[in-house]
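Welcome! Here is a short briefing to read alongside the sequence and the 3D view.

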Amino acid sequence: MSSATTLKGFKRDGRIVIVGASLAGLRAAEALRDEGFTGSLTMIGDELGEPYDRPPLSKQVLTGWVPAEGTTLPRRRDIDAEWLLGVPADHLDLATNHVRLADGRRIPFDRMLISTGVRARPWFVEAEAALDGVFVVRTREDADGLRRAMAAGPSRVLVIGAGFTGSEIASICRERGIPVTVAELAPAPLVGGLGAMIGEVAADMQRAHGVDLRCGVKVTRLEGDAQGRFRRAHFSDGSTVDADVAVVALGGIRNTEWLRDSGLAVGVWGVACDSGCRAFDVNGLVTDDIFVAGDVARCPNPIYEYRFISLEHWANAVEQAEIAAHNMVSTQADRWPHLSIPTFWSIQFGVNIKSVGVPTYADEVVVTQGSVPDHRFVAAYGYQGRVTAAVSFNNAKWLDHYRQLIETAAPFPPSCPTPDQPADAKPVPVDFPGPTLLAQGATVVVTGHDPGERRVTAMRQHR
Amino acid sequence: MRIVVDLSRCQGYAQCAFLAPDAFRMHGEEALMYDPSPDDAQREQVLRAAAACPLQAIVVDRLEGRDAAVEVSP
C-alpha cells in the first residue's frame, strides 16, 4: 500500500496492526477512526487489560488515594478493534508484512504502527532484584506492590536513582511520613534531565523535606535476610543503609528487541523515524508502511538541528500518535510533520515542575523570573545564543511565552517578561554529565565501497 | 467514570478543584492531583469541571459506561 490510487481502498478495507496497546497505541487507534479508516484494526499488547495511564502510578496510586487498577484511560470514541492482549510481539517480517506473536501466531497487515514503549530498567543483579521488597515502577502491578509495601509501614525506603520517577516516589514517602534515603550517582537529583543549576534546587528541596539524599554514590549491593527479604544496601563509598523497601528508579529500556532482525533502524535509542513517524530501515531509507510513535520513537526535530530525539513524555506520545495516524491514511502531499515543542511535567514535594523544549540541548541556563529560594521561578536554557528550553517551578502559566521564544529562535538570554526579575540574572554553564556518560556504544557498521553496494549492518549490542 | 488530565496543558487555574473537589485536588500552589476513575455519583460535577477548564485539559470517557470491547486472547 503506497500509491495514492489505492489509498481510498486502503482506508475502506485495509488492515492496520498497532503493536503496543498503551497511551500512544490507543490514541493512534482513535485518530485512525476519526480520519475515516474503516478497515480492520488489531491492537497487540503484552499486558492484559485495557490501556491505562502511567503517570498516576508514581503519584496518586502510591499515596493510596487511587487504586492501581483505577487508571484505565478514557475512550474518546469506539475504535472497533480486535484486541490481542497478554502476548508480546516477538518478530516483524517486512518481506511478507507479518507480525509474529510470542505464542507463534502470525498477524498480517498492510500498515503497522510500532508503539511498544519502554520498560523499567531492572536492578542489574537478578538474585538481588528478586528479593522481597525490591521494586521497579512501570506497570499497574509494580505500583500496586509498592503501594502495599508502603502501606505496611516500612522502617525506611531506599530509592535508587534521583531522576523524575525516583524523586516523585521519595516525595510520596515523605508525604506519608516514611523515612527515605535517595541514592544518586550524579552530583544532584534531576541533573541528567535539567542540568546542575536545577539539580541544586532539587537537592535543597529534597533535604528540606527530610530526605536522606546521598549523591555521587553508587549502590553496589542489595542484601537480603534468610527469608529472602531486602534488608540492607551497600554503597560505593563503603557506607550502608538499612531499609525494608528498595525502589529501583534507573530509567527505562526501549522495547526494541523484537525488531532486532526486522531490517528497521533500531537500537537501544529506539526506532528511528522521519518527522512524519515513518520508520527508517537499517540503511536510513524511509519505509512506506511502518510507522512509529511514543516513547520508542526516535524522530528528527528541525528546531534542534534535525537531531534525532526520543522523548519519554506523555504529551509526545499523544501528539506523535495523532501525526502517525493521520499519515498512515494520507498521501505524501497531505502528510503532517511532528513539529511540536516537547513539554514535560513532574509533581514532587508540593512543587509543579514543568519544562518546554529540550533542556539538554543547551550550553547556558539563566533564571529569568521569580525566586529560586521560594521555589517559584522560570529558568531559560540557551544554545549558542538562542533560547532552546525553559523549566518552571510553580510558574506554569509562563511556559507558553517561552515556547514562543523557542519557536522563533529568540536570542538568549531572553528579557524578563514580568516585574519580578531576579536580582542576579546571569547565565551560567548548564553543566550536564558529559557525552562519555551518555554514550551508548555503536549500533551499526557500514560495509561496501561503491554507492550501489554500501549498506549498514546492525550490531547485536542491545543492553 | 474514567478521566485523564493532560497535565502538560494544565496551568493550575484550579477551576476543577472548586467544581469537583472529590475528583480534583491541588497539591501545593499549582500542581493538580486527580482521581482517574471518579465515582459515577460525581459525574455532573466532573463534567462541569471539564467544561470549565480554561485549557480544556480534561478528557472524559465518551463511551459513557458502555463497555469498550476488549477481547483478551486465550
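**A starting point: one alanine**

A:Ala425 sits in the loop of chain A between helix H9 (399–407) and strand S29 (428–429); helices (H or I, at least four residues) and strands (E, at least two) are DSSP runs numbered from the N terminus. This is a predicted model, in which local features need pLDDT of at least 70, side-chain atom pairs count only at pLDDT 80 or more, and totals for chains, interfaces and linings use all residues. Residues are numbered from 1 along each chain as its sequence is written, while chains are lettered from A and ligands numbered from 1 in the order in which they are written.

**Around A:Ala425**

- A:Ala425 counts as partly exposed because it has 14 C-beta neighbours inside 10 Å; a residue is buried with 20 or more other C-beta atoms within 10 Å of its own, exposed with 12 or fewer, and partly exposed in between, with C-beta atoms placed from the backbone.
- Apart from neighbours within four places in sequence, A:Ala425 is in contact with A:Val366, A:Val367, A:Thr368 and A:Cys416, where contact means that the C-beta atoms, placed from the backbone, lie within 7 Å.
- From A:Ala425 to A:Val134 there are 291 residues in sequence and 43 Å in space, C-alpha to C-alpha.

- Chain A is split into domain 1 (4–118 + 253–334), domain 2 (126–250) and domain 3 (350–429), with bounds from an automatic or database domain assignment.
- The C-alpha centres of domain 1 and domain 2 of chain A are 32 Å apart, and 11 residues of domain 1 are in contact with 15 residues of domain 2.
- The largest nonpolar core has 159 residues; such a core is a set of buried Ala, Val, Leu, Ile, Met, Phe, Trp, Tyr and Cys residues joined through C-beta atoms within 7 Å.
- Among the residues with the most contacts inside this core are A:Ala28 and A:Val271.
- Leaving out neighbours within four places in sequence, the contacts of A:Ala28 include A:Ile18, A:Leu113 and A:Ala293.

**Helix H5 of chain A**

- H5(A) (residues 140–151) has 12 residues and reaches 16 Å from its first C-alpha to its last, close to the 16 Å expected at 1.5 Å a residue; the expected span is 1.5 Å times one less than the number of residues.
- Buried residues in H5(A) include A:Arg140, A:Leu146 and A:Met150, and what covers the buried residues includes helix H3 (60–63), strand S9 (134–135) and strand S16 (245–248) of chain A.
- After H5(A) comes A:Gly153, with a positive phi near 75 degrees.

**Strands of chain A**

- Four strands form an open sheet in the order S18-S19-S22-S23 (chain A), with mixed pairing; two strands pair if DSSP finds at least two bridges between them.
- Strands S18 (266–267) and S23 (307–309) of chain A are at the edges with a single partner strand each, so one side of each has no neighbour in the sheet.
- S19 (270–272) and S22 (297–301) of chain A run parallel, joined by two bridges, and A:Val271 stands opposite A:Ala297 in S22(A).
- S13 (219–224) and S14 (230–235) of chain A run antiparallel, joined by five bridges, with A:Arg221 opposite A:His234 in S14(A).

**Chain B and confidence**

- Chain B has two helices and four strands, running β-α-β-β-α-β from the N terminus on.
- Of its 74 residues, 38% count as buried.
- Chain B averages a pLDDT of 88, and 85% of the residues score at least 70; pLDDT is the predictor's confidence in each residue, from 0 to 100.
- For the complex, the predictor gives an ipTM of 0.92 and a pTM of 0.93.

Note on methods
Two residues are in contact if their C-beta atoms, placed from the backbone, lie within 7 Å.
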